[in-house]
Amino acid sequence: MSQSLAEKFYFYMRLGRELEMRAKEEYMKGNIGGFLHLDIGQEAVSVGAVFGFGKGDLFCPYREHVLALARGMDPKLIMAELFGKVTGVSKGKGGSMHLYEPKLDFYGGNAIVGAHLPHAVGAAYARKYMGERAGVLAIFGDGATNGGSFFESINLAVVWEVPVLFLCENNFYAIGTRIDRVSAFKDIYLKAKDYMPAVQVDGMDVFAVYDAVVGAKKYLEEYGKPYFIEAITYRYEGHSMADKGDYRSPREMETYRKKDPIENLKIRALKTGWLTEEQIRLMDERVSQIIEEAVEFALSSPEPELEELYKDIYCGVCADVIP
Ligand SMILES: Cc1ncc(C[n+]2csc(CCOP(=O)(O)OP(=O)(O)O)c2C)c(N)n1
């Protein structure tokens with residue numbers, strides 16, 4: 001069991017990191033525009049959470065590339081979306097913050113901090129109303145827990161008794177603002193613990209995240225009520241491409257780089273015999289090839305036509321009023 005999980009975790013974390021390193025490069029070349037928020041350093045949370053949760057609706061923040069990959073989104077469709085090409089998963093009109101695919105129960109990519117939390121509670125309510133037992137996973141940053149929509153959502157999830165797993169990626173910063181300047185609690189799970197079961201895990205350890213999420217999912221299924229996990233993690237890059245992230249001390253950054261989720265999984269997997277050097281080499285090669293193909297696909301895809309500007313904005317009757 002641990003062996004196959006280690007293989008899957010390593011592959012997806014590596015794929016995520018490689019996709020984002022390449023996206024950073026392509027951004028600097030001018031092939032990607034708009035916002036680009038990288039998950040580099042935080043991959044264990046994204047991968048551990050998505051695989052631990054299994055089936056169910058997923059509501060994500062704008063730092064969602066690795067979450068989408070782990071959910072099964074094609075890297076080509078992700079890369080093309082970042083490039084703003086018509087072949088992208090959101091037809092090139094959403095970009096990095098708006099990867100969206102209902103067929104994968106993947107409901108964004110949301111740009112407004114905390115705005116997807118009420119959506120997650122609403123989706124869980126709808127599932128319950130229709131007699132389904134599926135849970136909903138809502139992922140957000142520590143900064144989001146200072147906003148009203150966070151408290152409204154955890155409150156309503158308790159009142160309505162709906163199975164939402166609230167998963168906070170605590171990387172200690174909301175853009176350049178450090179957590180202790182804006183949050184009453186540095187341990188974010190304390191904000192939720194009077195509402196629902198709430199735990200804190202090491203978000204740099206993919207197995208720890210996975211185990212916690214598997215446990216939480218069982219709780220959702222058994223009791224049909226919400227649950228809260230805080231994963232302690234760290235982003236290596238700035239908040240987005242517009243930010244160097246140099247408000248953090250070199251010592252702090254070094255401390256977390258030593259906890260690198262991919263390197264540490266590799267060391268552990270080699271030591272326990274879950275993976276061999278050769279298996280890792282083959283996976284690294286395969287990842288490079290997939291990313292290369294994704295970039296070629298994005299580069300050779302066309303841009304959306306001008307008429308596309310007015311499509312997919314309104315649905316139903318409202319669509320008629322658009323020229
Ligand atoms: C409602 C709202 N307020 C402000 C912003 C601007 N903004 C974008 S990201 C961000 C920081 C969010 O930090 P956090 O929730 O910790 O997530 P992280 O970026 O660390 O993953 C802010 C304030 C926004 N997008 N939406």
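On a 1 Å grid over the protein atoms alone, a pocket is an open set of points with protein on both sides within 12 Å along at least five of seven lines, while a cavity is a set where a 1.4 Å probe fits but cannot get out; lining residues have an atom within 4 Å of a point. The model toured here is predicted, so local features need pLDDT of at least 70 and side-chain atom pairs count only at pLDDT 80 or more, while totals for chains, interfaces and linings use all residues. Residues are numbered from 1 along each chain as its sequence is written, and side-chain values use heavy atoms, with hydrogens and water left out.

**Stop 1: the ligand**

The shell holds 14 residues, with Tyr62, Arg63, Gly143, Asn171 and Tyr173 the closest. Eight of the shell residues are nonpolar, four polar and two charged. In this count Ala, Val, Leu, Ile, Met, Phe, Trp, Tyr, Cys and Pro are nonpolar, Asp, Glu, Lys and Arg are charged, and the others, Gly among them, are polar.

Next, look at pairs of N or O atoms within 3.5 Å. A polar atom in the side chain of Tyr62 is 2.7 Å from a ligand oxygen. The side chain of Arg63 has an N or O atom 2.8 Å from an oxygen of the ligand. At Tyr173 a polar backbone atom lies 3.0 Å from a ligand oxygen.

**Stop 2: the largest pocket**

The ligand takes up the space of the largest pocket; a molecule sits in a pocket if more than half of its atoms lie within 2 Å of the grid points. The volume of this pocket is about 380 Å³, meaning the space filled by probe spheres set on points joined across faces, edges and corners. Select its 27 lining residues; Tyr62, Arg63, Val113, Ile175 and His239 lie nearest the centre. Strand 2 (136-141) and strand 4 (173-174) each give two or more residues to this lining; strands are DSSP runs (E, at least two residues), and helices are runs of H or I with at least four, both numbered from the N terminus.

**Stop 3: the second largest pocket**

Which residues line the second largest pocket? Select Val89, Ser90, Lys91, Lys93, Gly94, His98 and Asp312. The space here is about 180 Å³.

**Stop 4: the cavity**

One cavity of 30 Å³ or more is found in the whole structure. The largest cavity holds about 40 Å³. Of its 13 lining residues, Asp142, Gly143, Asn146, Ile179 and Val182 are the closest to its centre. Strand 4, strand 5 (177-178) and helix 7 (179-182) each supply two or more residues to the lining of the largest cavity.

Terms used. Near = heavy atom within 4 Å. Polar contact = N/O pair within 3.5 Å; in protein donor to acceptor, adjacent residues only side chain to side chain.
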